[in-house]
Amino acid sequence: MSSSAIHALPGGLALSAPMDAHIDATIHELDLQPSYYLPLINYSRTVLHPEVKSGDCVLGGEQLAPGVVAPTSGTLTEIRQHPWPHPSHTQVPTLVLESDGRDEFQQFTVIDHTQVGVEEILNRLENSAIHGLGGAAFNTANKIRRAYEHKNLTLIINAVECEPGINCDDALMQQHPSEVLQACNAIRQWLRLPSAVLAIENDKQTAITALRDDQTPDLTSIKITELPTIYPSGAESPLVQRLTGIKLQPGERATDAGVLCLNVATVLSIHDALMGQAAVDRIVSISTQSLQHSMNLRVRFGTPLKAVIEFAREHNTAIEAAWRSNTQTIRIGGPLSGFAMDMLNAPVLASTNALIVGKEHPLNEATACIRCSECATVCPVNLLPQELYAAAASEQLDTAARYSLDACLLCGCCDLVCPASIPLTPWFRFAKDATRQKQQSDAAAEVARLLSEKHSNRVQRRAIEKEQQEAARRAAAAQRQNSAQDIKAALTRVKNKRPGSGS
Ligand code: SF4
Ligand code: SF4
């Protein structure tokens, strides 16, 4: 695939950071924290069962629950309800890990990808709790497993950070271009692919130059492909459409179509996991509300947001000023796709790619929809946001599903252009969440129905078996009785035939 193979994208918006934006690509490191908070819930909101209990001492990298590893060594003090970084502003069961300050890690062997099968590699990713770092935080091993079933697999390394204010991947590529390319190439090799595409937007020229400068001849199978800067090109379905021309159907995943998209930071995490290093952190971009100032910080999973903000305030005067102007609320994610959060004890997770500090512009009061279709024009997946909104706001989830709610990227393009200031994306997020909950409760009800059906079948079967046994017992008894009568009759006949018996 070459840059000439770029396909058009419907909709989208040309967003860019302010001309005078100062992005600090230095990756700062946040010190070890006294406590870490690890939610026992995954991206699809399934509650996870802990494999440890309060009082247990653990090492960094040790698995605590499926998909959850300890970010450092210490003691698990409790499992309690605690906020998590989610627009629902709810609390979920959370493991609390008190650091012992020693920061000791479990030792893992190095896996040589040229000597082992893919299944062994995927097991390591599973045990290392690798999740996508692009924002959706999918289980990476599962994603690769699904994609690997395809004969004609395409590998896309997603370095498209199209939303202003999110530049953690940009910083990573600027600081570690060689490691990024090596990691991409290793994955290409163990997936046995002749080449892979590293897609990056053309406003990231510093990172592109760094990658090209470090692209030694053995790394040329990683094709660096520049894309025009259009939001949301980094979302999976627009990216697949742009690079392959494949239009994913609502609900269809890229892996279903034989395309494996991996975020560039996730690729480095995968590589680290194979080298025996637990993946326990991510880079978080922290910006001011004006997006003029931004810094990047490497943060361990489970770190309270408050600790991240405090570090940023201490090291960046613009962020400190923005914090002081504000009502102690931050935004998690980008200016369009993110959501406000005031529970700052919620932890950083794999999905926490950016934080925005500063007073948000007050929203204009929403007025009635004027059917202008501006929202449909910018929708990158060809939805009808005005119809979706009508369905979501009246909680008609089946109608919303018919309007392909599932395909909505929650990108916020429609909100930005709506002249009636209707908060469309928050309604779509609500409807998606409600649909997921309904599906989960429907699934639970179906399981309960099947179990009850199985139970009544078993009771019925036992009754029939008992009846059959009883009938067999009665038949055997009758048979025995008949046999006894036959014998008795035979003996009588024999006796009567004896000489002198008189017959
Ligand atoms: S939020 Fe959903 S409906 Fe609105 S533009 Fe994005 S994909 Fe389309
Ligand atoms: S942009 Fe707003 S006003 Fe126009 S059709 Fe869409 S929802 Fe209605």
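**Ligand shells, domains and packing in the predicted model**

Helix H10 (374–378) and helix H11 (385–393) each contribute at least two residues to the shell around ligand 2. The model described here is predicted. Within this shell, H11 provides the largest share, 3 residues. The shell around ligand 2 comprises 14 residues, of which Cys369, Cys372, Cys375, Cys418 and Ala420 come nearest. By residue class, the shell around ligand 2 consists of 10 nonpolar, 2 polar and 2 charged residues.

Around ligand 1 there are 17 residues, and the nearest of these are Cys379, Cys408, Cys411, Cys413 and Cys414. Three helices, namely H11, helix H13 (413–417) and helix H14 (424–497), each supply at least two residues of the shell around ligand 1. H14 accounts for the largest share of that shell, with 3 residues. In the shell around ligand 1, 15 residues are nonpolar and 2 are polar, and no charged residue is present; the shell around ligand 2, by contrast, includes 2 charged residues.

At the level of the whole chain, the assignment gives domain 1 (3–286), domain 2 (287–357) and domain 3 (372–503). A distance of 46 Å separates the C-alpha centres of domain 2 and domain 3.

Strands of a sheet pair through backbone hydrogen bonds, in either a parallel or an antiparallel manner. In the present model, an open sheet is formed by 4 strands in the order S2-S7-S6-S3, with antiparallel pairing. Strand S2 (35–39) and strand S3 (57–58) are its edge strands, each pairing on one side only. Strand S6 (residues 74–83) and strand S7 (residues 91–99) run antiparallel and are joined by 9 bridges. In this pairing, proline 83 lies opposite glutamine 91 of S7.

The packing of two helices is described by the angle between their axes together with the distance between the axes. For helix H1 (residues 118–127) and helix H7 (residues 264–274), the axes come within 9 Å and cross at roughly 105 degrees. Angles of 65 to 115 degrees count as roughly perpendicular, and H1 and H7 are therefore roughly perpendicular to each other. The contact is made by Ile121, Arg124 and Leu125 in H1, which meet Ile270, Ala273 and Leu274 in H7. The residues of this contact of H1 with H7 comprise 5 nonpolar and 1 charged, with no polar residue.

Notes:
Residues numbered from 1 in each chain as written. Chains lettered and ligands numbered in written order. Predicted model: local features only at pLDDT ≥ 70, side-chain atom pairs only at ≥ 80, totals over all residues. Near = placed C-beta within 6 Å. Nonpolar A, V, L, I, M, F, W, Y, C, P; charged D, E, K, R; others polar. Domains from an automatic or database assignment. Pairing = 2+ DSSP bridges. Axes fitted to C-alpha atoms, helices over the stretch in contact; angles between N-to-C directions. Parallel < 35°, antiparallel > 145°, perpendicular 65-115°, else oblique. Contact = placed C-beta atoms within 7 Å.
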